[in-house]
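This report concerns the salt bridges of a protein model and the packing of one of its helices.

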Amino acid sequence: MLCLVALSTMPGVSHASTVLVMGDSLSAAYGIDPAAGWVNLLKKRLGSEDDVVNASISGETTSGGSARLPDLLRQYHPDIVLLELGGNDGLRGLSPQQMQVNLGKMIERSQSASARVLLLGIEVPPNYGPAYTDAFRGVFTQLASDYGVPLVPFLLKGVDLDTMLQDDGIHPTAEAQPIILETVWSRLEPLLNQLDDQPG
């Protein structure tokens, strides 16, 4: 299992859009009040004209997410898909190569459904060894390059990992959620602005 995220209030996002969040416990507000989770904070920021669908499930792997995505694309027809998966693959020591295949399929399916994709990266603890941690990190950068999608390299950037994690040492506290949102927002806002610039 795994978790992360953040908030703010800014004008300028006027296009009525649907944002689909495909994540694990980092996006499912594991261990905290769901209202405090970064996805809910995003929903508040965007306002009523925008629909944020949180399809995140605690414990989800890239394999599970890839299997669920086609039905979700057909159901919600999202304009933007946020992919926040891979942490549980890493915690289980699963193959980074297979993780890359799974995430690649999710990007392709999203793009085929005319959705823009934002890839949210995560990192595994250093005790997994440099070879695995480097390969794991490289999956996200390679996918971003191959598919031309924006990347948040590390979802927990800016989060104090000594004081803002729950007792399990993995999942961020409610205090960390606004920080996570700001990290996501830095890459999400340009995508929303691109939707605004579309004719019609």
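Which side chains meet in a salt bridge at 2.3 Å, N to O? The side chains of R74 and D71 do so, a salt bridge being a side-chain nitrogen of Lys or Arg within 4 Å of a carboxyl oxygen of Asp or Glu. The model is predicted, with local features needing pLDDT of at least 70 and side-chain atom pairs counting only at pLDDT 80 or more, while totals for chains, interfaces and linings use all residues. Residues are numbered from 1 along each chain as its sequence is written, and side-chain values use heavy atoms, leaving out hydrogens and water.

R74 and D71 are three residues apart in helix α2 (residues 62-76), about one helical turn. Helices are DSSP runs of H or I with at least four residues, strands runs of E with at least two, numbered from the N terminus. The structure holds five salt bridges, including these:

| Pair | N to O distance |
|---|---|
| R74 and D71 | 2.3 Å |
| R68 and E60 | 2.6 Å |
| E182 and R45 | 2.6 Å |

The E182 and R45 pair ties helix α6 to helix α1 across 137 residues of sequence. R45 is buried at 6% relative accessibility, whereas E182 is partly exposed at 31% (buried, under 20% relative accessible area; exposed, over 50%; partly exposed, in between; 1.4 Å probe, protein chains only).

R45 is also one of the buried residues of α1 (residues 38-46), together with W38, V39, L41, L42 and L46. Seen down the helix axis, these buried residues fall within an arc of 160 degrees, so they line one face of α1; the arc is that of the directions from the axis to the C-beta atoms.
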